[in-house]
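Here is a briefing for a reader who is meeting this structure for the first time.

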Amino acid sequence: MRACWADAMIGSQRHLFSIPREVHYLSCAYMAPLSQAVSAAMVEGARLKEQPWDFRPPDFFRVVEDFRSKAAGLAGVDADCIAVVPSVSYAISVAANNLSLGPGRKVVTLGDQFPSNVYPWQEKAKREGGEVIAVQRPSQDCWTGAVLDAIGEDTAIVAVPNCHWADGRVVDLVRVGERCREVGAALVLDLTQSLGAMPLDFPAVKPDFAVAACYKWLMGPYGIGMLYVDPKHHGGEPIEHNWINRAGSEDFARLVDYREDFQPGARRFDMGEKSNAPLLMGAGAALDFLTGHGVDAIAETLAAKTQAIADEAATLGLGAAPLGTRAAHFLGLEFPGGLPAGLPEKLAEAQVFVSARGQSLRVTPHLYNDEADSAALLDTLRQVLA
């Protein structure tokens, strides 16, 4: 038997990537491969510095605003609400710097949540006398109930993802957002493992801050990300003060006419040296790829792919959370006796690349995968488990 991806809406886009036929890369949650178009855009951006006399002052702003506009379009928000950041930790630090906690107040996170959305809150709790709560979920459920139960009148901030980075189990952010507003808590999201592959209704969720690094499901380069900032925080305090975020910085002749006002909207939170053409142009090309197919269609396609693998893996005695409990683009295969020792290494020897997270095997395909990839995974699993 073979996992059948006939129900997938979007055909394989492998031809747009430089993935050798013998390589079966099913680990987008680890790091997305760059498409040929993204690599070409990054090279084009890098070559701009070969002749810097042609990179004029307006270009410092043009390349940033092009990326900002594309990022906003993918998220379905206003471009003025997007800041350009280098990492999730940077963005979460921006959020922490602009939200109050205070003695006895709590920050709600997920158990075993990715560290970049935990460490800044732990440091803030130390400074302000607050407490970070890591909720635990029942073994076979999604995270929603556990998060909702943890939010109370003493909750100041809820800092969670849309799906857990290890096994893809989801958090219903619409319900969590509603509960946050009931108790007056801020909502901060790390969407690195979901944005671009999982639709999110920003107006319904109403986060205060939401970040996504570009190098996973946004299909772009490392070292660049997008931060959504709700308009009520647009007057906030950035964590760094650089020249280009101040009002009037377009006029290079007057940069030493120091100003206290900022560029409009979330731009005050942009990182320094943001006008990095290779990163911005590469990330922009990646966003073009995603918006060209549509996030809804990508999500449906990846759901068909992960479910086909799950169905076939079940014949080997492997379990997986059902769609709805897990995100459609995430599959965590569970082994009755626990994850066999050395399994990822054995798969890699067969040129099958997935990730071990906890006691599950994380399988995260994308549009560059085809049925030969799932067949290689399942055939190798059969051999290892025989």
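Ile298 is buried, with a relative accessible area of 0%, where buried means under 20% relative accessible area, exposed means over 50%, and partly exposed lies in between, using a 1.4 Å probe and protein chains only. The model is a predicted one, in which local features need pLDDT of at least 70 and side-chain atom pairs count only at pLDDT 80 or more, while totals for chains, interfaces and linings use all residues. Residues are numbered from 1 along each chain as its sequence is written, and side-chain values use heavy atoms, with hydrogens and water left out.

**Ile298 and its surroundings**

- Ile298 belongs to helix α9, which covers residues 295–314; helices (H or I, at least four residues) and strands (E, at least two) are DSSP runs, numbered from the N terminus.
- Setting aside residues up to four places away in sequence, Ile298 touches Ile10, Gly196, Ala197, Leu290, His293, His366 and Leu367, a contact being heavy atoms within 4.5 Å.
- One of these partners, His366, is 68 residues from Ile298 in sequence, yet the two C-alpha atoms are 8.3 Å apart in space.

**Nonpolar cores**

- In soluble globular proteins, nonpolar side chains tend to be buried together.
- The largest nonpolar core here has 102 residues, and Phe67 and Trp121 are those with the most contacts inside it; such a core is a set of buried Ala, Val, Leu, Ile, Met, Phe, Trp, Tyr and Cys residues joined through side-chain atoms within 4.5 Å.
- Helix α8, made of residues 277–293, gives the most to this core, with eight residues.
- Apart from this core lies another, of 19 residues, which includes Ala310, Ala313, Val354 and Ala376.
- Phe67, not counting residues up to four places away in sequence, touches Val84, Cys214, Ile224, Gly225, Met226, Leu280, Ala283, Gly284 and Leu287.

**The largest pocket**

- The largest pocket has a volume of about 370 Å³, a volume being the space filled by probe spheres set on grid points that are joined across faces, edges and corners.
- On a 1 Å grid over the protein atoms alone, a pocket is an open set of points with protein on both sides within 12 Å along at least five of seven lines, whereas a cavity is a set of points where a 1.4 Å probe fits but cannot get out; lining residues have an atom within 4 Å of a point.
- The lining of the largest pocket has 15 residues, of which Lys49, Phe55, Phe60, Ser275 and Asn276 lie nearest its centre.
- The lining divides into nine nonpolar, three polar and three charged residues, where Ala, Val, Leu, Ile, Met, Phe, Trp, Tyr, Cys and Pro count as nonpolar, Asp, Glu, Lys and Arg as charged, and the others, Gly among them, as polar.

**Buried polar and charged side chains**

- Asp167, in the loop between β5 (155–161) and α6 (173–183), is buried at a relative accessible area of 13%.
- The side chains of Asp167 and Arg137 are joined by a polar contact of 2.8 Å, that is, a pair of N or O atoms within 3.5 Å of which, within protein, one must be able to donate a hydrogen and the other to accept it, with residues adjacent in sequence counting only if both atoms are side-chain atoms.
- A polar atom of the Asp167 side chain also lies 3.0 Å from the backbone nitrogen of Arg169.
- Asp190, in strand β6 (residues 186–190), is buried with a relative accessible area of 9%, and its side chain makes a polar contact of 2.8 Å with the side chain of Thr192.
- Gln263 sits in the loop between β8 (225–229) and α8 and is buried, with a relative accessible area of 9%; its side chain makes polar contacts with the side chains of Ser249 at 3.1 Å and Glu250 at 3.3 Å.

**Positive phi angles**

- Most residues other than glycine have a negative phi, and most peptide bonds are trans.
- Lys206, which is not a glycine, has a positive phi of about 55 degrees; Lys206 lies in the loop between α7 (202–205) and β7 (209–213) and counts as partly exposed at 43% relative accessibility.
- Met219, also not a glycine, has a positive phi of about 65 degrees; Met219 is found in the loop between β7 and β8 and is buried, with a relative accessible area of 2%.
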